[in-house]
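Dear colleague,

I am handing over the structure below, together with an account of what was found in it. Please keep it open beside this message as you read.

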Amino acid sequence: MPAGGQAAPAPRRSAALSEALRRCQTDGSAGLMVGWAEWPQMAASLLEDVAQATAGLVWRPRQGGFWLLGTTAGAARDTLALFESMGWPARLLLFPADIAVLEAALAGDAAPSALPAAATPGLIGIEERAEGMPAGTGQSLATIWRWQAGSPKLLAQRWMVEAEALPTPPGRDWAGHAHGLLASRLLEQAARLGWPAARKHKWPLLLDMPWMPPPRSLPAPPPGVWPGGCGHALVLPLPAAAEAGAWAALAAAHGWQLAWAGLTPALAHLATPQRLPGRLFFAEYNPLVASAAWPAPECLVLQGGEGREALDFAAKHGSSLCSRVC
Amino acid sequence: MEAAPALNRMLGSSQREALALAALARESAAAGVEQRVMHLRLSAIPSNHNRLHHQRLLREALLPLLRPTRARLYDLPSGDLVAVSPPPGEHLDLVRAVMQKLLDGEGEGAAIAQELRLPQQAAALLAVVESALGMGAEHWPAAAMPGGAEAAGAQPQAADILAAEAALAQADLSVHHRWQTICLLVDGGPGPQPLWREQRLPAADLEAALLPGQSLHATPWLRRRLRARLDKRALAQWARPEELRGFSPSGLPLLPASLGEEEFLRLDAALPSAMRPQLTLGFSLPDILADPQAFAMAMRFARLRGYGTALDDLDAGLLPMLPEDNFGLGTLKLRFSAALLALDGPGRAALEAALPAERARVVLTGADEPIAIGWGWERGITRFQGRVIEQSLSPP
């Protein structure tokens with residue numbers, strides 16, 4: 001139990017739930033257990049539809065997840081297929097054979113549980129907190145490298161945002177805002193020529209950028225030119241691609257190339273200089289990355305996964321890896 | 001371009017001439033045909049020499065010089081004249097000389113008679129046409145301009161957005177809703193045929209009201225946050241029984257993540273399944289790229305429930321960037337802009353190659369001037385949305 005937490009009283013079992021349990025124990029009804037869904041309200045809504053059509057019940061235990069109970073086997077199978085198509089794992093329950101699974105969950109729900117301590121990070125003042133962070137926090141220097149003839153070849157360094165340094169409540173937009181605040185600090189430091197101390201002068205520098213409209217001007221990159229290869233580059237968040245042309249012109253005018261962060265397997269087709277002006281495309285590694293068709297895998301940079309699979313994928317396809325060094 | 005009856009009804013003769021001149025510029029650029037162009041900026045003549053009788057005198061002096069030649073004369077809506085002639089076109093030099101003589105006292109003659117060469121200066125000539133049609137640079141979206149003009153106003157902070165969200169929580173936005181109709185308008189066919197209507201909130205006005213003195217221009221993540229709240233309010237209204245009773249084919253631009261919100265799910269539950277295909281959910285490219293996971297989820301749900309989907313408000317210049325299947329979205333809503341008229345040959349070819357073969361899937365939005373209709377028709381596009389359409393649907 002977290003410090004400061006307190007025991008929550010066990011919920012009373014509703015008449016409807018008691019009736020559903022009775023049917024599961026005695027009838028040949030079926031159900032579905034959904035442990036997690038990315039969009040819980042949508043999952044609940046879909047289950048409610050089935051429950052209404054088949055005189056079933058949707059139960060939401062305190063531990064999380066959803067149970068569809070008292071439905072028909074056919075409806076449960078159809079719903080399972082539907083949830084699998086949404087990418088939400090679910091388990092088919094055929095009663096009474098699976099009654100023990102349900103009873104265990106009901107017992108768990110009845111046990112006293114701890115209320116989580118309120119620890120949601122606040123948003124008010126987040127801008128001041130970002131501004132007041134000590135120099136060097138909320139950022140790191142990473143190395144971009146690839147396998148070449150069995151040895152790692154270093155290509156560039158990336159001055160990147162450490163978004164976890166500025167926690168936010170759940171939500172893509174708040175996380176994006178926090179990233180933007182930290183990336184804006186990098187840009188301000190760059191404008192003052194305050195390059196990171198650990199930067200190696202013989203490699204190009206990639207600079208994480210906030211999502212913002214193309215500004216009127218940009219700071220100049222650090223000295224150094226790498227003709228024909230990867231040069232100093234601005235790493236833009238993918239939504240900035242809607243202004244890719246303006247960004248490319250602006251970056252080129254100030255001596256930068258472009259790179260793009262936030263590629264996913266579903267957007268793999270974008271990761272090529274034929275679609276977006278840039279030479280490097282960053283994607284968080286996960287198993288789906290390996291199964292996607294990347295049009296220019298040599299331009300792909302995998303980050304967040306330095307396990308065997310990511311290394312093998314990179315070696316096989318000539319992709320690069322992004323590894324934090326400090 | 002052959003002007004069709006439906007377009008003719010909407011165009012004045014000088015607008016038709018401007019369209020024809022734009023078409024000539026493009027054809028000349030495409031075919032590499034050389035032409036001399038004399039742009040007579042009669043609209044720029046000082047006002048003391050620009051009364052009606054002055055203009056008549058100028059035309060009377062100029063037209064006899066042009067009529068017996070192979071030159072073509074275009075009378076633009078701005079009052080300017082454009083003479084186009086194959087080289088050598090010495091008579092154009094004579095026109096310039098006459099202009100200088102007529103306006104000698106003002107020393108303006110040379111500036112008012114400007115020469116252009118096709119195909120090299122096709123873009124400049126198209127800019128003249130756009131300007132004459134009232135589609136100058138001010139019609140470009142600021143964000144699309146390199147080094148885009150930054151909106152005035154302080155950047156709001158997260159606390160400001162939270163306060164704005166609280167203010168919106170119970171707000172009735174129905175008075176702010178704006179409807180536009182998407183119409184089928186076929187070259188040579190009858191007038192615009194309404195297909196569906198689309199609801200939009202005037203986001204800029206609402207932002208200004210909610211965040212006075214501040215601008216969300218440079219903080220797109222915060223803007224999305226506020227839009228999410230606006231989506232919820234709009235959806236809450238859509239789910240009202242009285243709204244559903246009068247439901248007709250409609251479009252609704254949303255953030256992909258809004259489909260996972262209670263307000264959308266309430267609407268979903270209230271809409272009979274037969275009506276769902278009549279609701280087209282529009283997602284914009286930046287929103288898709290900002291949250292690809294939410295988009296993937298929204299698409300799965302939309303397919304499952306049978307909703308129509310659209311790629312909303314796409315800058316046409318970005319079309320070649322898209323996958324061939326347009327992310328699996330059914331309708332492609334392409335935003336018309338003056339920049340399309342100035343595309344060079346390769347740019348135009350890339351755009352046309354990227355258009356879906358099935359043109360019925362394409363809607364040209366921002367059809368605020370008749371030239372947009374003409375541009376669309378040249379590419380086989382017959383579905384339009386914009387001021388021209390609204391005006392033609394309004395009772396006289």
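Helices and strands are named here from DSSP runs numbered from the N terminus, with at least four residues (H or I) for a helix and at least two (E) for a strand. Please bear in mind throughout that this is a predicted model.

With that naming, B:Phe327 is placed in the loop between β9 (308-315) and β10 (331-335) of chain B. Its phi is positive, about 65 degrees, although B:Phe327 is not a glycine, and with a relative accessible area of 11% the residue is buried. The loop between β9 and β10 of chain B also holds B:Pro323, which counts as buried at 11% relative accessibility. If residues up to four places away in sequence are not counted, B:Pro323 touches A:His269 and A:Arg275. B:Pro323 and B:Ala354 are 31 residues apart in sequence, while their C-alpha atoms are 8.9 Å apart in space.

As for chain B in general, its secondary structure comes to 16 helices and twelve strands, and buried residues make up 48% of its 396 residues. Among the contacts in chain B between residues at least 6 apart in sequence, 69% join residues that are at least 24 apart.

Turning to the aromatic residues, the count over all chains comes to twelve aromatic pairs. In one of them, the rings of B:Phe283 and B:Phe295 have centres 5.9 Å apart and planes at 80 degrees, so this pair is edge-to-face, for which the angle has to be over 60. B:Phe283 belongs to strand β8 (residues 279-284) of chain B and B:Phe295 to helix α13 (residues 292-305) of chain B, so the pair ties together parts that are twelve residues apart in sequence. B:Phe283 is buried with a relative accessible area of 0%, and B:Phe295 is likewise buried, with a value of 7%.

An aromatic cluster is formed by B:Trp179, B:Trp238 and B:Phe247, and over the ring of B:Trp179 sits the charged end of B:Arg197, 3.6 Å from the ring centre. In chain A, the charged end of A:Arg158 sits over the ring of A:Phe282, at 4.2 Å from its centre.

Helix α13 of chain B comes up again where the two chains meet. How do helix α2 (residues 40-54) of chain A and α13(B) pack? Their axes are 12 Å apart and the angle is about 20 degrees; angles under 35 degrees count as roughly parallel, and α2(A) and α13(B) are therefore roughly parallel to each other. The crossing in which α2(A) passes α13(B) is left-handed, and the residues that meet there are A:Met42, A:Leu46 and A:Asp49 in α2(A) and B:Phe301, B:Leu304 and B:Arg305 in α13(B).

Finally, two backbone details in chain A may be worth a look. A:Phe95 and A:Pro96 are joined by a cis peptide bond, with omega about 5 degrees, and A:Pro96 is found in the loop between β5 (90-94) and α4 (99-110) of chain A.

Technical notes:
Residues are numbered from 1 along each chain as its sequence is written. Chains are lettered from A and ligands numbered from 1 in the order in which they are written. This is a predicted model: local features need pLDDT of at least 70, side-chain atom pairs count only at pLDDT 80 or more; totals for chains, interfaces and linings use all residues. Side-chain values use heavy atoms; hydrogens and water are left out. Rings of Phe, Tyr and Trp (its six-membered ring) pair if their centres lie within 6.5 Å; planes under 30 degrees apart count as stacked, over 60 as edge-to-face and the rest as tilted. Buried means under 20% relative accessible area, exposed over 50%, partly exposed in between (1.4 Å probe, protein chains only). A charge sits over a ring if NZ of Lys or CZ of Arg is within 6 Å of the ring centre and within 35 degrees of the ring normal. Axes are lines fitted to C-alpha atoms, for helices over the stretch in contact, and angles run from 0 to 180 degrees between N-to-C directions. Angles under 35 degrees count as roughly parallel, over 145 as roughly antiparallel, 65 to 115 as roughly perpendicular and the rest as oblique. A crossing is left-handed if the near helix is turned anticlockwise from the far one by less than a right angle, and right-handed if clockwise. Contact means heavy atoms within 4.5 Å.
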